[in-house]
Amino acid sequence: MQSRTPAPRAAGRPRSAAADTAILAATRAALVELGWSKLTLGDVATRAGVAKTTLYRRWAGKNELVVDAVAELFDELELPDSGTLAADIEGVVLQFAAILARPEAKNGLMAVVAESCRDDALRERIRSSIVDRQKRLVLQGRERAQARGELPPPADPVEAARTADLIFDMVAGAVVHRTLVSAEPADEAWVRGFTQVLLTGLTGTGLE
């Protein structure tokens, strides 16, 4: 079933940031307690202390609401300024793994990804709300590494954008697979080894 397109919001009282925060937190709590299949907007509204109509003014349905609830968790990610590219990568990957270990992140992400297989609009929302927003970390890390002289400045902006996408896919894909598919810990030892492979490649001839 395709996601419903939300109607344009009529002019009126400004949207309440406090209500949004309460709704997204209630959504994550409901995911942990009830699971995807039993979660309803009515239950979320009750938990958040708002009217059900308040949710429908903000989100088209459960799919979109859960995506935004999960996206808010990933917005907590911050790229540490540790002094080296390797240390920065290790720091943010450990943060990412810690978020994925949280039941609300794990349950929510796996549920919306599964639903997106038959919902193109939901897949696009995941891309814009989670994937595209978190690519900022790759761009920040690259800029810092260039400022420190660890990486050369990009010669071609188009190729630089492609490389940023590839790096993000490699990091996100590896950590999601490790934690959610293989159900293995992404501990410091694993993260250190992964970072070394990422930086040097299989031949070991990359960055020192």
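Ser-116 is in contact (heavy atoms within 4.5 Å) with Leu-122, Arg-123 and Ile-126, leaving aside its neighbours within four places in sequence. Ser-116 sits in helix H6, residues 103-116. Helices (H or I, at least four residues) and strands (E, at least two) are DSSP runs, numbered from the N terminus. Ser-116 counts as buried because its relative accessibility is 6%. Buried means under 20% relative accessible area, exposed over 50%, and partly exposed in between, with a 1.4 Å probe and protein chains only.

This is a predicted model, in which local features need pLDDT of at least 70, side-chain atom pairs count only at pLDDT 80 or more, and totals for chains, interfaces and linings use all residues. Residues are numbered from 1 along each chain as its sequence is written, and side-chain values use heavy atoms, with hydrogens and water left out.

## Overall build

The protein has 10 helices and zero strands. From the N terminus on, the elements run α-α-α-α-α-α-α-α-α-α. Of its 208 residues, 39% count as buried. Among contacts with a separation of 6 or more, 66% come from residues 24 or more positions apart.

The largest nonpolar core has 53 residues. A nonpolar core is a set of buried Ala, Val, Leu, Ile, Met, Phe, Trp, Tyr and Cys residues joined through side-chain atoms within 4.5 Å. Those with the most contacts inside the core are Val-44, Leu-65, Phe-74, Val-93, Ile-130 and Val-175. In soluble globular proteins, nonpolar side chains tend to be buried together.

## H6 against H7

Helix H7 spans residues 120-134. H6 and H7 pack at an angle of about 140°, with their axes 8 Å apart. Axes are lines fitted to C-alpha atoms, for helices over the stretch in contact, and angles run from 0 to 180 degrees between N-to-C directions. The two helices are therefore oblique to each other. Angles under 35 degrees count as roughly parallel, over 145 as roughly antiparallel, 65 to 115 as roughly perpendicular, and the rest as oblique.

From H6, Leu-109, Val-112, Val-113, Glu-115 and Ser-116 meet Leu-122, Arg-123, Ile-126 and Ile-130 of H7. By class, this contact has six nonpolar, one polar and two charged residues. Ala, Val, Leu, Ile, Met, Phe, Trp, Tyr, Cys and Pro count as nonpolar; Asp, Glu, Lys and Arg as charged; the others, Gly among them, as polar.

Ile-130 touches Val-67, Val-70, Ala-71, Phe-74, Leu-109 and Arg-125, not counting residues up to four places away in sequence. Val-67 lies in helix H4. Beyond four places in sequence, Val-67 is in contact with Val-112, Leu-122, Arg-125, Ile-126, Ser-129 and Ile-130. The C-alpha atoms of Val-67 and Val-112 are separated by 6.7 Å, although the two are 45 residues apart along the chain.

## H1 against H4

H1 (residues 17-34) and H4 (residues 62-74) have axes that come within 9 Å and cross at roughly 100°. That makes H1 roughly perpendicular to H4. Ile-23, Leu-24, Thr-27, Arg-28 and Leu-31 of H1 meet Leu-65, Val-66, Asp-68, Ala-69, Glu-72 and Leu-73 of H4. The residues of this contact divide into seven nonpolar, one polar and three charged.

H1 has 18 residues and reaches 25 Å from first C-alpha to last, close to the expected 26 Å. The expected span is 1.5 Å times one less than the number of residues. Buried residues of H1 include Ala-19, Asp-20, Ile-23, Arg-28 and Leu-31. Their cover includes helix H2 (41-48), helix H3 (52-58), H4 and H6. Thr-27 is in contact with Leu-39, Val-44, Leu-65, Val-66 and Ala-69, leaving aside neighbours within four places in sequence. Gly-35 follows H1, with a positive phi near 85°.

## The H9 end

Ala-183 is found in the loop between helix H9 (157-181) and helix H10 (188-200). Its phi is positive, about 55°, although Ala-183 is not a glycine. Arg-178 lies in H9. Arg-178 is in contact with Ala-183, Glu-184, Pro-185, Ala-186 and Trp-190, leaving aside neighbours within four places in sequence. Arg-178 and Ala-97 are 81 residues apart in sequence and 8.9 Å apart in space, C-alpha to C-alpha.

## Accessibility

| Residue | Relative accessibility | Class |
|---|---|---|
| Val-67 | 0% | buried |
| Thr-27 | 0% | buried |
| Arg-178 | 22% | partly exposed |
| Ala-183 | 58% | exposed |
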